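Reader: Please show me the protein. I would like to know what stands behind the terms you use.

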Amino acid sequence: QPALSGSFSTLMEWADKARRMTVRANAETPADARTARSFGAEGIGLCRTEHMFFDDERILAMREMILAESADGRRKALAKLLPMQRADFAEIFEIMAGLPVTIRLLDPPLHEFLPKTEEEIAEVANAMGVEVALLRERTEALHEFNPMLGHRGCRLAVSYPEIAEMQARAIFEAAAQAAEKTGAPIVPEIMVPLVGIANELAFVKERVEAVAEEVLSESGQKIDYLIGTMIELPRAALNAGEIANAADFFSFGTNDLTQTTFGISRDDAAGFLDTYRQKGIIEKDPFVTLDRDGVGQLVRMASEAGRRTRGDLKLGICGEHGGDPASITFCEEVGLDYVSCSPFRVPIARLAAAQAACRSGV
Ligand code: PEP
Ligand code: MG
């Protein structure tokens, strides 16, 4: 059911005719996906998967997986999660009914999945049938002083490829299931987070492709899919030409790209950035409005280099800036194909994308 009606919906129709970029939403639950569609989203540009593992049943399996001694132990724990992931993705694919859906492989700071209290450690030890002291030791060994710069994103997939393999299997099986149910062609877009080195993407891609082949040989179903990467580290932007060799699309993660370009923690910035604004050092909060001079330069450079490698490279943005009108104007200037923002910002993004296209004479 469309959430917009009357003259506002007419205005939005005019805007839609004027714009060039498509507007997607960041959505990770069926409720988000429905809201996104009701506001006119034309796909999901970022389905984060880390929050899917925090409920009681799943977090235990996740902890067993991370604290297992061997790849076999990890696979055993992941086998418990596979049916749930498949159901998560199938429902989202069905709601989106053939519109593009970009699913990002797990990107947590690792510590969020570790047991924290003695009871949690005992619970996991019990489920795994190992000594509490041994499990405490393994948990302590994974402690990080700076998790946001630590075992995150594709680094986790390099350490534990079984997670990416389970997620890829869930995605392909869910896509096949949803295609059968809706009759719509479902072409999942699998996104690898926090890539900084082309070899990281190549490593994960190889595993995803192997799973695609496996699922194909089991089911006999053809699976079309795209594989791409977030560009959210300066190193990735600087090496985008090389990274594009293994990518069907780039999605700019401008939350992390802003954090890592400025060297300012995205979680702690608010206090002193307010002071900076009051003292005239900066005009706008760069976590809200894309910083054209620094972060924007990296986005532009990566877009151009990526497209030099691959003329048809799809380009989008999925950081918070994707719902900010001034930043959307910048995305139009750089020639991105789509912006992706929170579901409730989709109407604003549709209007801003239209205004930006009119300004640039599309
Ligand atoms: C980003 O970094 O811009 C992004 C979209 O990813 P996340 O906010 O989940 O780190
Ligand atoms: Mg990020």
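Author: Start with one pair: isoleucine 231 stands opposite phenylalanine 252 in β6. This is a predicted model, where local features need pLDDT of at least 70, side-chain atom pairs count only at pLDDT 80 or more, and totals for chains, interfaces and linings use all residues. Residues are numbered from 1 along each chain as its sequence is written, while chains are lettered from A and ligands numbered from 1 in the order in which they are written.

Reader: What makes β5 and β6 a pair?

Author: Two strands pair if DSSP finds at least two bridges between them. Strand β5 (residues 226–231) and β6 have four bridges, in the parallel sense. So they pair under that rule. Strands themselves are DSSP runs of E, at least two residues, and helices are runs of H or I, at least four residues; both are numbered from the N terminus.

Reader: Which strand does β6 join over four bridges, running parallel?

Author: That is strand β7 (residues 314–317). Serine 251 has glycine 316 as its bridge partner there.

Reader: How do you know that β2 and β3 pair?

Author: Strand β2 (residues 44–47) and strand β3 (residues 101–104) share two bridges and are parallel. The rule asks for at least two, so they meet it. Cysteine 47 stands opposite isoleucine 103 in β3.

Reader: What do the paired strands form?

Author: A closed barrel of eight strands, with parallel pairing, in the order β1-β2-β3-β4-β5-β6-β7-β8. From one strand to the next, the twist averages 25 degrees. The protein has 16 helices and eight strands.

Reader: Why is glutamate 173 called buried?

Author: A residue is buried if 20 or more other C-beta atoms, placed from the backbone, lie within 10 Å of its own, exposed if 12 or fewer, and partly exposed in between. Glutamate 173 has 22 such neighbours, so it counts as buried. Glutamate 173 is found in helix α8 (residues 161–182).

Reader: Is alanine 97 buried, exposed or partly exposed, and why?

Author: Alanine 97 has 13 C-beta neighbours inside 10 Å, so it counts as partly exposed. Alanine 97 lies in the loop between α4 (71–96) and β3. Its phi is positive, about 45 degrees, although alanine 97 is not a glycine.

Reader: What makes leucine 194 buried?

Author: Leucine 194 has 24 other C-beta atoms within 10 Å, so it is buried. Leucine 194 sits in the loop between β4 (189–192) and α9 (198–219). Its phi is also positive, near 55 degrees.

Reader: How do you know which residues surround ligand 1?

Author: A residue is near a molecule if its C-beta atom, placed from the backbone, lies within 6 Å of it. Leu46, Arg48, Glu232, Gly253, Thr254, Asn255, Asp256, Cys318 and Gly319 surround ligand 1. Helix α12 (residues 254–262) gives the largest share, three residues.

Reader: What does the radius of gyration of the protein agree with, and why?

Author: The radius is taken over C-alpha atoms, and the globule rule is 2.2 Å times the number of residues to the power 0.38. For 362 residues, a compact globule would have a radius near 21 Å; the protein has 21 Å, so the two agree.

Note on methods
Axes are lines fitted to C-alpha atoms, for helices over the stretch in contact, and angles run from 0 to 180 degrees between N-to-C directions.
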